[in-house]
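Welcome! Please take a look at it first, and then read on.

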Amino acid sequence: MTQGTPAYMAPEQAMAKEVTPAADLYSIGCMLYQMLTGVQVFEEESALAVSLAHVRDTPKKVVVPNCKSEVSEAWDELIQMLLKKKPEARPQTAREVSEMLQQLELVGDGLQPGTSVNVEALQQTMPRPAITDADLIDSEQTAGADGGTPAVGAKKGFPLALAAGVVL
């Protein structure tokens with residue numbers, strides 16, 4: 001039986017085959033694709049057509065708007081690797097993807113692999129969300145009814161934390 005959201009479903013999942021952690025990494029590739037381009041990997045007229053596209057079609061090149069070409073190309077390389085049709089051709093662990101993201105961070109900084117980097121650099125590498133500072137809500141205004149923990153999204157670093165959480 002096939003279960004899942006067609007837009008984020010790995011080919012083996014769409015065909016009701018055995019699912020491994022590589023299927024989750026495929027789904028992360030789908031989410032990253034959509035986060036960076038603003039569109040889903042495959043947009044078809046029905047859920048079945050989307051599922052079939054994941055099985056047979058090649059994703060379009062990722063072009064990140066407002067981003068240096070070498071950074072956009074590095075994102076494309078990572079995402080295309082995550083979206084390979086055969087599970088064994090994809091990264092097999094989240095750790096591998098994390099290491100690839102660290103290399104992507106170096107590309108954004110114009111550094112060579114092996115150079116020490118910091119988390120601040122990733123914020124420069126990742127494209128900014130299409131919101132302004134005025135759209136962000138001050139965390140003091142979003143405290144829960146009991147005055148407790150601020151609501152999700154209250155901090156400026158939330159998009160970065162979300163992307164890092166998804167990958168890990």
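Helices α2 and α4 cross in a left-handed way; a crossing is left-handed if the near helix is turned anticlockwise from the far one by less than a right angle, and right-handed if clockwise. Please keep in mind that this is a predicted model, in which local features need pLDDT of at least 70 and side-chain atom pairs count only at pLDDT 80 or more, while totals for chains, interfaces and linings use all residues. Residues are numbered from 1 along each chain as its sequence is written, and side-chain values use heavy atoms, with hydrogens and water left out.

**How α2 and α4 meet**

- The two helices, α2 and α4, pack at an angle of about 145°, and their axes are 8 Å apart. Axes here are lines fitted to C-alpha atoms, for helices over the stretch in contact, with angles from 0 to 180 degrees between N-to-C directions.
- On the α2 side, the contact (heavy atoms within 4.5 Å) is made by Leu25, Tyr26, Gly29, Leu32, Tyr33 and Leu36, and on the α4 side by Trp75, Ile79 and Leu82.
- Sorted by class, this contact of α2 with α4 has 8 nonpolar residues, 1 polar and no charged ones. Ala, Val, Leu, Ile, Met, Phe, Trp, Tyr, Cys and Pro count as nonpolar, Asp, Glu, Lys and Arg as charged, and the others, Gly among them, as polar.

**The nonpolar core**

- The largest nonpolar core has 24 residues, of which Trp75, Ile79 and Leu83 touch the most other members. Such a core is a set of buried Ala, Val, Leu, Ile, Met, Phe, Trp, Tyr and Cys residues joined through side-chain atoms within 4.5 Å.
- Two or more residues of this core come from each of α2 (21-37), α4 (69-82) and α5 (94-109), and α2 gives the most, with 8 residues.

**A closer look at α4**

- Val71, Ser72, Ala74, Trp75, Asp76, Leu78, Ile79, Gln80 and Leu82 are the buried residues of α4; buried means under 20% relative accessible area, exposed over 50%, and partly exposed in between (1.4 Å probe, protein chains only).

**The whole chain**

- The protein chain has 7 helices and 0 strands. Helices (H or I, at least four residues) and strands (E, at least two) are DSSP runs, numbered from the N terminus.
- Of the 168 residues in the protein chain, 32% are buried.

- Glu12 lies in helix α1 (residues 11-14) and is buried, with a relative accessible area of 4%.
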